[in-house]
Amino acid sequence: MRVLQAYRFALDATPRQERALASHVGARRFAFNWGLALVKERLEARARGEDVEVPWTLAALRREWNRQKHLVAPWWRENSKEAYSSGLDGLARALQNWSKSRQGERKGRRVGFPRFRKKGRGRESVRFTTGAIRVDDKSHVVLPRIGRVKTHEPTTALRRRVEAGTARILSATVSREGGRWFVSFTCEVERPPGRPRFPGRVVGVDAGVKHLAVLSTGVVWPNPRPLEKVLRKIARSSRALARRQKGSRRWQQARRRLARFHARVRNLRQDALHKLTHHLASTYGVVVVEQLHVAGMLKNRRLARALADAALAQIRRQLNYKCPWHGAVLVEAPPFYPSSKRCSRCGAVKSSLPLSQRIFRCEECGLVLDRDENAARNLAALVAAVAGSGPETENARGRDGRPATRQAIPEEAGSRHRRMAG
């Protein structure tokens, strides 16, 4: 099975290399802004009735850039051509997304017309697709025009795959986050067919804010709440940044300090999500999750910050590609499936269930159970109805994977998982 997989490493670049990386990022931003200004100029000329060509695709933008780069950027040879191509590619994608959004061909909310990029705003990155891109040894990588850069962590995992012929590097993306430089290699990897630890078992996953996830087996994964833990420090750093003179040395220091806090929050959140999704995909044969309308949930001003901190949509996104890797099957419940209001024992559905009621009590059969665990059990029971006969339930073993619902994991395994979660 060949899949696309990314390997990300932190860089320990020298001051000269950091200046070169920053120059490439600036070259990408310059090419993006130049192309956007050209597109706007041509659109205005066409609105006046002039017969001009508007460069809308990457190929057209590259042609215009090659014609004018000697005039608009006489210093273009200082950076790799991939830096300018990366900026033009980003602009072409933005224009395409805007066009599809206007025509109703793109899902999600409406996309606005591209805007000019400003230094220090947004994600700072540059993508290399050609040239010298390789893992040199266990602690160095090679990038076009940048040269040999030391990595903060060993690259052994990717290097062994490349040498064995089971991975091929397609591109490298260099980015700056929280004052540090990172490189991410997009690779085509040959992965052997996976097999979960319990291929015949099903688990329902109820994601939430109080707990990151509650499983139908009774295992609870705590929510690390990384933003809540450093919110006071972020507020203090934001006030310190506002008091500084913009552009001064102390303003730059305060800005880097604030960026480090946000980077730590993001890293803690990603660590918790990856551990949870890896455990689910590598342990159970069938994983059932909900299709949460997170954008609508964020409109609740009382829960918006906590919901954004939990990043609930990431659980389903990561399971979407991790389950096939490990031979598991991902089943998604319908958006309006009443998993919380339905009794997991008798199936009775409540007319309403406020968020303040954390204990589910069934008036029909007398079941008293934690609200989240009841929802997880309902999700696990959904497999018998949704994944019972369709071809989409065929798992990696080539047969119908209909595990018995609400099966409990062995006691020794359950205690181990509870220690991990607790």
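Helices here are DSSP runs of H or I with at least four residues, numbered from the N terminus. By that count, H274 is found in helix α7, which covers residues 249–283. The model is a predicted one.

Start with the whole chain. The protein has 12 helices and 14 strands. Its C-alpha trace spans about 80 × 50 × 50 Å along the principal axes. There are 422 residues, and buried ones make up 44% of them. Take the contacts between residues at least 6 apart in sequence: 66% of these join residues at least 24 apart.

Now return to H274. Its relative accessibility is 31%, so H274 counts as partly exposed; the class lies between the 20% limit for buried and the 50% limit for exposed. Leaving out residues up to four places away in sequence, H274 touches Q318, Y321 and K322. L231 is 43 residues from H274 along the chain, and the two C-alpha atoms are separated by 23 Å.

Helix α10 takes in residues 313–326, and its axis comes within 9 Å of the α7 axis. The two axes cross at roughly 40 degrees. That angle makes α7 oblique to α10, because angles under 35 degrees would count as roughly parallel and those from 65 to 115 as roughly perpendicular. The crossing is right-handed.

Helix α1 runs over residues 15–47 and helix α3 over residues 81–102. Their axes come within 7 Å and cross at roughly 45 degrees. The two helices are therefore oblique to each other. α1 passes α3 in a right-handed crossing. From α1, the contact draws on H24, A27, R28, A31, F32, W34, G35, L36 and V39. From α3 come A83, Y84, S86, G87, L88, G90, L91 and L95. By class, the residues of this contact divide into 11 nonpolar, five polar and one charged.

Aromatic rings are the next topic. The structure holds nine aromatic pairs. One of them joins F30 and W65, edge-to-face, at 6.4 Å centre to centre with 70 degrees between the planes. This pair links distant parts of the chain, with F30 in helix α1 and W65 in helix α2 (residues 58–72), 35 residues apart. F30 is partly exposed, at a relative accessible area of 29%. W65 has 4% relative accessibility and so counts as buried. Another pair is formed by W98 and F113, also edge-to-face. Its rings lie 4.9 Å apart centre to centre, with 90 degrees between the planes. This pair too links distant parts of the chain: W98 belongs to helix α3, F113 to the loop between α3 and β2 (124–128), and they are 15 residues apart. W98 is buried, with a relative accessible area of 18%. F113, at 24%, counts as partly exposed.

Ring pairs also build a cluster, made of F30, W34, W65, W75 and Y84.

D309 is found in helix α9, residues 304–310. Its relative accessibility is 6%, so D309 counts as buried. Setting aside neighbours within four places in sequence, D309 is in contact with R225, P226, L227, E228 and R269. F336 is found in a loop, the one between β12 (329–333) and β13 (359–361). Because its relative accessibility is 79%, F336 counts as exposed. F336 and L369 are 33 residues apart in sequence, and their C-alpha atoms are 21 Å apart in space.

Technical notes
Residues are numbered from 1 along each chain as its sequence is written. This is a predicted model: local features need pLDDT of at least 70, side-chain atom pairs count only at pLDDT 80 or more; totals for chains, interfaces and linings use all residues. Side-chain values use heavy atoms; hydrogens and water are left out. Axes are lines fitted to C-alpha atoms, for helices over the stretch in contact, and angles run from 0 to 180 degrees between N-to-C directions. Angles under 35 degrees count as roughly parallel, over 145 as roughly antiparallel, 65 to 115 as roughly perpendicular and the rest as oblique. A crossing is left-handed if the near helix is turned anticlockwise from the far one by less than a right angle, and right-handed if clockwise. Contact means heavy atoms within 4.5 Å. Ala, Val, Leu, Ile, Met, Phe, Trp, Tyr, Cys and Pro count as nonpolar, Asp, Glu, Lys and Arg as charged, and the others, Gly among them, as polar. Rings of Phe, Tyr and Trp (its six-membered ring) pair if their centres lie within 6.5 Å; planes under 30 degrees apart count as stacked, over 60 as edge-to-face and the rest as tilted. Buried means under 20% relative accessible area, exposed over 50%, partly exposed in between (1.4 Å probe, protein chains only).
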